[in-house]
Amino acid sequence: MSATDDNTRGPPTDAEVNEDAVTDSDGAEELTLVEAVCDGLHTEMARDDSVMVLGEDVGKNGGVFRATEALYEEYGEQRVVDTPLAESGIVGASIGLALSGMRPVAEMQFMGFSYPAFDQLVSHAARLRARSRGQYSVPLVVRMPYGGGIKAPEHHSESKEAFFVHEPGLKVVTPSTPSDAKGLIAASIRDPDPVVVLEPKLIYRAFREPVPEESYEIPLGTAAVRREGEDVSVFTWGAMTQPSLIAAEELAAEGIDVEVVDLRSLSPLDTETITRSFKKTGRAAVVHEAPRTGGVGAEVAATIQEEALVYQEAPVKRITGYDAPMPLHAVENYYLPQAVRIQDGIREIVEF
Amino acid sequence: MNTQYGSGPHDGSDDGSNTDYVQILDAGGNVRPGAEVPDLGDEELLAMYEAILLARRFDQRAISLQRQGRIATYAPMTGQEGAQVATSYALAPDDWLFPTYREHAAKYVHGMSLASLLKPLYGHRDGYAIPDDVNVVPEYIPIATQVPQAMGKAWGDMIQGRTDRAVLCHFGDGATSEGDFHEGLNFAGVFDVPAVFVCNNNQYAISTPRDRQTASETMAEKANAYGIEGVRVDGLDPLAVYEVTRRALQKTKNPVDDERRPTLIEAVQYRYGAHTTSDDPSVYRDEEEAELWRERDPVDRMATFLESRGILTDERAAAIEERVNERIQAAIDEAEAYETEPEAIFEHVYEEPSERLQAQRDELERLREKYGDDAFSEVLQ
């Protein structure tokens, strides 16, 4: 079987499910990524009374992206809470709620508005376990939509995953498929430590796939091989998985066999899967929409240097957003890695 | 609280029973008994009306442009035009304006062109560029972040002896929950800076109603905690908002006795429409609620007031309507003809671009030459 099966548990792959069916015989419904986030929240709230959702417009309004739709009606205002407009308050209160035994899932409406909560996350959520010498933990989930490509206003399109990945004590995950979204939400809620779930809003509604109705987890810290290949490894995550796969298919016609690895978990990193893939191909590109300098791509490249130097055939190429503020939408598609940029970068590695 | 111009009637607002606020025009647009009309000439009053009407028409056109897919997400201001126009009319040219993403009309009245308001909606950051002779900072999108900055601008001007200018800072009811609101107002009180803070209480922060935002009875009373004056005004009464703002600005420049310079103004209003064109208010509020506020509409009240004084005639009204629509169309034409070159991504990041950034700019240029601009049109295709 494929490496995908080695690294994932739970959701069936596309090939195993009839794509035309709304609900297949195994109880898998065709959901978009944002619907799967909502389904994951619903499933976890149903199985654990301590799970609660809080944030701006998450209740009556069902979230500005409808990620918490119908939860308010189902679980009531005690467990699905419209808070005052205050991100530091939301995350700070969530830390307290977690200490009291609740399992809070806080929503930051957009990643670009999470910064008032940064102090609470990095100074407290991330290190209370260490400071209390293991006496307390903060089982908190902070969800935030991130990324560009949707013609959003200023501050609504950034990818600042590196801020959170850099912080010891935080875990950071990002799904690229609906079934992973549900499984990562479940695993994050059940995790004893704080987890930042970054939701790629460009692909919130880009496609549907069967998502099992029952509860399941995608273990944190596991990457998924989305396409197997022999010549070059592409390490990516979130919305960039899609253009990476498009580029891989285009390059296949040129005889370049690309392996696409969706990291899914940016902290902890699945160094085993990264290293295994690189040892096979000896060539790698990292694709992310965040600015290049200090991005998670640098961490992947350094991991390859440390773990698999003698297998290396070419420099690790970073195909990323540029070191400039995310532009407004007239030119945002020049900022984001496109399939054409990814192909060009991969050819460069192959021709090295 | 300052209520010498007469208190408003119970207006059916959902923010409690407290309608104790400054009002000059009653709901029908008639001058309230005992209320004093601001000292403005006929031409100034007409100009204010024209700006309010322009704001309404701009809003309607922008919503329509968004629905046609020509512009991106837009934050409507219908219902709030009177407060926006009146606060900016009270400013002197040297005063500084700190607007949010909804203060289109406030920016326009204080000197920004209509085309510049539209450019960011067409995806061009150049719309945020401010002409040298216009004292408006780029609009604030992260909530309440402007409050301490406006305080700092006022503080800096004061330290440097520019005592003839003030800062006016806008924000909404939701912003009063953010830490930056508290920090900014607290600093303003402590350092006694020439700043006026205007809370445009439009009753909703997206879906969250005012009474869920704070257990305080009013937003204005929060000023008490900072040792500064708080004033509550009917935000749908342009004359009252103008007068309250004018007095607050005057106090920043010429405080009497032991008056402290800053003021927190709560302009009580209502967002008739959606938070943005991405929002659907029917999910979280009753349409009938908006109707109660529409009965006190700022455009209608101002028109009635001017008609009753013989300042606004049918002929003038028709000319204003035509002029307003022409100006908006010209601005749309200008914004639609505007283009941003991809190299602009790399401009203005630093005064001097780093070598790495220049290399990245060259990289994009090379890719465009090699593959053509069509290859960059869609990320997911």
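**Exercise 1.** Determine how many residues of strand S10 of chain A are buried, and to which strands S10(A) is joined.

*Solution.* Begin with strand S10 (residues 232-236) of chain A in this predicted model, where strands (E, at least two residues) and helices (H or I, at least four) are DSSP runs numbered from the N terminus. A residue is called buried if 20 or more other C-beta atoms, placed from the backbone, lie within 10 Å of its own, exposed if 12 or fewer do, and partly exposed in between. Five of the five residues of S10(A) are buried, so the strand is largely enclosed by the rest of the structure.

S10(A) pairs in the parallel sense with strand S11 (residues 258-262) of chain A over five bridges, and in S11(A) the bridge partner of Val232(A) is Val258(A). Strand S13 (residues 284-291) of chain A also runs parallel to S10(A), joined by four bridges, with Thr236(A) opposite Val287(A).

Residues are numbered from 1 along each chain as its sequence is written, and chains are lettered from A and ligands numbered from 1 in the order in which they are written. Because the model is predicted, local features need pLDDT of at least 70 and side-chain atom pairs count only at pLDDT 80 or more, while totals for chains, interfaces and linings use all residues.

**Exercise 2.** Describe the side of chain A that touches chain B by its elements and by residue class.

*Solution.* Start from the contacts, for which C-beta atoms placed from the backbone must lie within 7 Å: 43 residues of chain A are in contact with 43 residues of chain B. The elements that give two or more residues to this side of chain A are helix H4 (87-99), helix H9 (241-252), helix H12 (332-335) and H13. By class, the side has 22 nonpolar, twelve polar and nine charged residues, where Ala, Val, Leu, Ile, Met, Phe, Trp, Tyr, Cys and Pro count as nonpolar, Asp, Glu, Lys and Arg as charged, and the others, Gly among them, as polar.

**Exercise 3.** Is Asp344(A) buried or partly exposed?

*Solution.* Locate Asp344(A) in helix H13 (residues 339-350) of chain A. Because Asp344(A) has 19 C-beta neighbours inside 10 Å, this residue counts as partly exposed.

Notes
Contact = placed C-beta atoms within 7 Å. Pairing = 2+ DSSP bridges.
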